[in-house]
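Open the model in your viewer and keep the sequence panel beside it. The stops below tell you what to select and what you will find there.

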Amino acid sequence: MSPSRRTLLAAGATGLASLAAGLREARADMPPAERLARLSEEANGALLRGEVDAYRALVPRTQDFTLMSPFGGTPSHEAGFTEKTWEGMKTFFRNGVLKQELVAAYAGTDMVALAVIERANVEVGGLPAQDWALRVTLVYRREQGEWRLAHRHADPISHAITLQQSAALARGAAS
């Protein structure tokens with residue numbers, strides 16, 4: 001277990017926000033893209049272990065946050081994330097281990113975009129533990145001096161597929 005994970009677990013729910021701020025501050029000497037990539041890996045690792053409170057403390061979101069989940073469908077918005085939604089995530093993701101590969105980073109003054117591959121072994125939605133690889137784009141925006149996640153788009157197509165398979169997915173056909 002990493003020292004930061006041990007520290008997060010020991011902090012309890014009430015101290016998570018201040019601890020997460022301290023972790024973000026401790027990396028203030030890093031370029032923003034590198035710092036956000038590391039926080040993203042830490043936070044998403046926590047989420048896949050079912051540690052939703054740690055995830056939320058590490059990665060604050062913008063009020064207009066959008067999520068394009070790897071399960072497809074209509075994009076989600078910050079307003080739709082209720083406490084009931086977050087509680088459900090605590091059991092939806094279980095016992096996950098995550099390793100993130102940074103593919104590319106693009107940084108401006110107030111915006112950072114990261115292209116990453118998330119490789120995990122995790123129990124999702126009651127399925128047995130299995131390997132998952134997601135291609136993910138993360139967009140962070142600086143608001144009032146704090147980096148916040150504005151957009152996450154993930155898809156499970158980390159292995160090449162044929163044109164026919166892509167076409168079937170695009171038209172909503174079962175493959």
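What volume does the largest cavity have? The largest cavity has a volume of about 40 Å³. A cavity here is a set of points on a 1 Å grid, laid over the protein atoms alone, where a 1.4 Å probe fits but cannot get out. The volume is the space filled by probe spheres set on the points, and points are joined across faces, edges and corners.

This is a predicted model, in which local features need pLDDT of at least 70 and side-chain atom pairs count only at pLDDT 80 or more, while totals for chains, interfaces and linings use all residues. Residues are numbered from 1 along each chain as its sequence is written, and side-chain values use heavy atoms, with hydrogens and water left out.

**Stop 1: the cavity**

Select Leu58, Val59, Pro60, Tyr140 and Trp147, which lie nearest the centre of the largest cavity among its ten lining residues. Lining residues have an atom within 4 Å of a point.

**Stop 2: the whole chain**

Now colour by secondary structure. The chain has five helices and six strands, in the order α-α-α-β-β-α-β-β-β-β-α from the N terminus on. Helices (H or I, at least four residues) and strands (E, at least two) are DSSP runs, numbered from the N terminus. Of the 175 residues, 38% count as buried, where buried means under 20% relative accessible area, exposed over 50%, and partly exposed in between (1.4 Å probe, protein chains only).

**Stop 3: strand β6 and its partners**

Select residues 146–155, strand β6. Strand β1 (residues 61–68) runs parallel to β6 and is joined to it by four bridges; two strands pair if DSSP finds at least two bridges between them. On this side, find Arg61 opposite Leu149.

Strand β5 (residues 130–143) runs antiparallel to β6, with nine bridges between them. Here Val136 has Ala154 as its bridge partner. Then go to the hairpin of β5 and β6, where two residues lie between the strands and Gln144 takes a positive phi near 50 degrees.

**Stop 4: Glu118**

Select Glu118 in strand β4 (residues 111–124). Is Glu118 buried or exposed? Glu118 is buried, with a relative accessible area of 4%. Show the residues in contact with Glu118 (heavy atoms within 4.5 Å). Not counting residues up to four places away in sequence, they include Leu98, Trp132, Val136 and Arg152. Asn44 is another of them, and its side chain makes a polar contact with the side chain of Glu118 (3.4 Å). A polar contact is a pair of N or O atoms within 3.5 Å; within protein, one must be able to donate a hydrogen and the other to accept it, and residues adjacent in sequence count only if both atoms are side-chain atoms.

**Stop 5: the largest pocket**

The last stop holds about 450 Å³ of space. A pocket is an open set of points with protein on both sides within 12 Å along at least five of seven lines. Select Leu47, Leu67, Pro70, Phe93 and Arg152, the closest to the centre of the pocket among its 23 lining residues. β4 gives the most to this lining, with four residues.
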